[in-house]
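Please work through the exercises below with the sequence and the coordinates at hand. Each task is followed by a solution in steps.

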Amino acid sequence: MDRLSVTLAAAGFCLAGPALASSDEAWAEFAAKVEAKCLAAAADMLEEPAIAVDPFGTESYGVAILTGKPKGAEGQVSYLCVMDKKTETAELGSELGADTVTVTIPAK
C-alpha cells in the first residue's frame, strides 16, 4: 500500500469512530433532550402537544415534529423543531395548519 492509501484508510477509521461509539443509551438520552427542549419551546403555543423525535437527527441538529391544539384556538397545527447539537438551543418553524400538513403521532 502506498502512503496516500494508508493515510486515507486511517482517516476513514478515525471519522467512523464517533458514529460507532454512540450507544443505544446515548441516542436515547439525545432523543429525550430533543423532546424536552422542543416541548419547552412549544409550551406557549400548543395545548398537550404530541411529539415525534427523529432518533438521530442530522449531523448538526436534533429534529422533531410537534402537533396539537393551538392555545386559545380551535383546530390542529404542527411545528417543526430543530435543536442545535452544540448549543442545545431549540427553535420552532412557523405554524403549519391542517390545510398544509396533517400529522398523526401515536400515543406513547
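The exercises that follow concern a predicted model.

**Exercise 1. Strand pairing**

Task: Determine which strands pair with strand 3, and in which sense.

Solution. 
- Step 1. Begin with strand 2 (residues 61-70) and strand 3 (residues 77-84), which pair in the antiparallel sense over eight bridges. Within this pairing, Gly62 has Met83 as its bridge partner.
- Step 2. Inspect the connection: strand 2 and strand 3 form a hairpin with six residues between them. Gly72, in the turn, has a positive phi of about 75°.
- Step 3. Continue to strand 4 (residues 90-92), which pairs with strand 3 in the antiparallel sense over three bridges.
- Step 4. Finish with strand 5 (residues 96-97), which pairs with strand 3 in the antiparallel sense over two bridges. The bridge partner of Val77 in strand 5 is Gly97.

**Exercise 2. Salt bridges**

Task: Find the salt bridges and describe what each one links.

Solution. 
- Step 1. The structure holds two salt bridges. As background, side chains of opposite charge can pair when their charged atoms come close.
- Step 2. In one of them, the side chains of Glu88 and Lys33 meet at 3.0 Å, N to O. This pair links distant parts of the chain, with Glu88 in the loop between strand 3 and strand 4 and Lys33 in helix 2, 55 residues apart.
- Step 3. Glu47 forms a salt bridge with Lys69, the closest N and O atoms being 3.5 Å apart. Because Glu47 lies in strand 1 (residues 46-53) and Lys69 in strand 2, the pair ties together parts that are 22 residues apart in sequence.
- Step 4. Check accessibility. Glu88 is partly exposed at 29%, and Lys33 is partly exposed at 34%. Glu47 is partly exposed at 33%, and Lys69 is partly exposed at 27%.

**Exercise 3. Ser78 and Ala40**

Task: Decide whether Ser78 is buried or exposed, and whether Ala40 is buried or exposed.

Solution. 
- Step 1. Ser78 is found in strand 3. Its relative accessibility is 2%, and buried means under 20%, so Ser78 counts as buried.
- Step 2. Examine the contacts of Ser78. The side chain of Ser78 makes a polar contact with the side chain of Thr67 at 3.0 Å. Leaving aside neighbours within four places in sequence, the residues in contact with Ser78 include Leu66, Ser94, Leu96 and Val103.
- Step 3. Ala40 lies in helix 2 (residues 24-41). With a relative accessible area of 57%, and exposed meaning over 50%, Ala40 is therefore exposed.
- Step 4. Compare sequence and space: Ala40 and Ala90 are 50 residues apart in sequence and 8.6 Å apart in space, C-alpha to C-alpha.

Conventions. Residues numbered from 1 in each chain as written. Predicted model: local features only at pLDDT ≥ 70, side-chain atom pairs only at ≥ 80, totals over all residues. Heavy atoms only, no water. Helix = DSSP H or I, 4+ residues; strand = E, 2+ residues; numbered from the N terminus. Buried < 20%, exposed > 50% of the residue type's maximum accessible area, 1.4 Å probe, protein only. Pairing = 2+ DSSP bridges. Polar contact = N/O pair within 3.5 Å; in protein donor to acceptor, adjacent residues only side chain to side chain. Contact = heavy atoms within 4.5 Å. Salt bridge = Lys/Arg side-chain N within 4 Å of Asp/Glu carboxyl O.
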